[in-house]
Amino acid sequence: MSYEPLALTPELHQYLLDHSTPPDQVTAELIAETRAALPGEASMQVAPEQAAFLRLLTSLMGVRQAVEVGTFTGLSSLSIARGLAEGGKVTCFDISEEFTGIARRYWKRAGVEDRIELRVGPAAERLRELPSEAYLDLVFIDADKAGYPTYWNELVPRVRPGGVLLVDNVLWSGRVLDPRSEDDRTITTFNDLARDDPRVELVILPIADGLTMARRRNG
Ligand SMILES: C[S@@+](CC[C@H](N)C(=O)[O-])C[C@H]1O[C@@H](n2cnc3c(N)ncnc32)[C@H](O)[C@@H]1O
């Protein structure tokens, strides 16, 4: 390697947060309520800088049709919904009524509930209900890691050429370098599968726990 990559220290991480557009009131309250109500699960929530990135990318791409797998208390879906073009829609999948009950309240508070459709149930089954043509502009995958290959293979054919798939937690707290558990190997196996998929070109962004950004190739 001909350059030294920048190590993101806690101080540098705080600096980048301090110099990015701050979360608005509804977003800040959703983050706070998730941490207070679900302390054991709150770390599942996307990082604030990922939420900002999702909104920015959605808006830059003029997204009209998006799918999210793994909604939890709604931060990533709220961010996508806010970036959608006029008349746009995000379809969300999650198995938990409890977690998504919080999400529904915040979508309403933010005035975006009419742009979000939630489908509750195992995503591997429910994704098959989606139209089979390549109509999606944006996909965000952030659910159970064992399901990643299935979600990827259900969704890649449904993304239009030039559309984008994002996949969260692909650096797995760094354990991809020395995978010891079955969970670790689930992620490394998925990363190999995505890199070797001729239908996409991709880059792993070192944001939060690692985010794959893949573009569906033409043809
Ligand atoms: C990492 S969290 C998602 C965080 C969310 N993107 C956010 O911004 O806060 C993972 C979610 O996947 C859901 N999940 C787990 N297994 C699932 C499955 N088989 N089908 C659908 N959702 C699932 C969980 O209920 C949980 O809410």
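Two strands pair if DSSP finds at least two bridges between them. Keep that rule at hand. The model used here is predicted.

**Exercise 1.** Find how many bridges join β1 to β2, and which residue of β2 is the bridge partner of Val 69.

*Solution.* Start with β1, residues 65-69. Five bridges join β1 to β2. The rule asks for at least two, so β1 and β2 pair. The two strands run parallel. Now take Val 69: its bridge partner in β2 is Phe 93.

**Exercise 2.** Work out the strand order of the sheet, and say which strands stand at the edges.

*Solution.* Seven strands form the open sheet. Their order is β3-β2-β1-β4-β5-β7-β6. The pairing is mixed. Look at the edges: β3 and β6 (200-205) stand there. Each has a single partner strand, so one side of each is left without a neighbour in the sheet. On average, neighbouring strands are turned by 15° against each other, direction ignored.

**Exercise 3.** Describe the largest nonpolar core, and name the element that gives the largest share.

*Solution.* This core has 32 residues. Among those that touch the most other members are Ile 80, Trp 107 and Phe 140. Next, list the elements. Those giving two or more residues include α3 (48-61), α4 (75-83), β2 (89-94) and β4 (136-141). The largest share comes from α5, with five residues.

**Exercise 4.** List what Ile 80 touches, leaving out residues up to four places away in sequence.

*Solution.* Ile 80 touches Leu 54, Thr 58, Ala 66, Glu 68, Val 90, Leu 138 and Phe 140.

**Exercise 5.** State how many residues the second, separate core has.

*Solution.* The second core has 25 residues, including Trp 152 and Leu 165.

Definitions and conventions:
Residues numbered from 1 in each chain as written. Predicted model: local features only at pLDDT ≥ 70, side-chain atom pairs only at ≥ 80, totals over all residues. Heavy atoms only, no water. Core = buried A, V, L, I, M, F, W, Y, C linked by side-chain atoms within 4.5 Å. Buried < 20%, exposed > 50% of the residue type's maximum accessible area, 1.4 Å probe, protein only. Helix = DSSP H or I, 4+ residues; strand = E, 2+ residues; numbered from the N terminus. Contact = heavy atoms within 4.5 Å. Axes fitted to C-alpha atoms, helices over the stretch in contact; angles between N-to-C directions.
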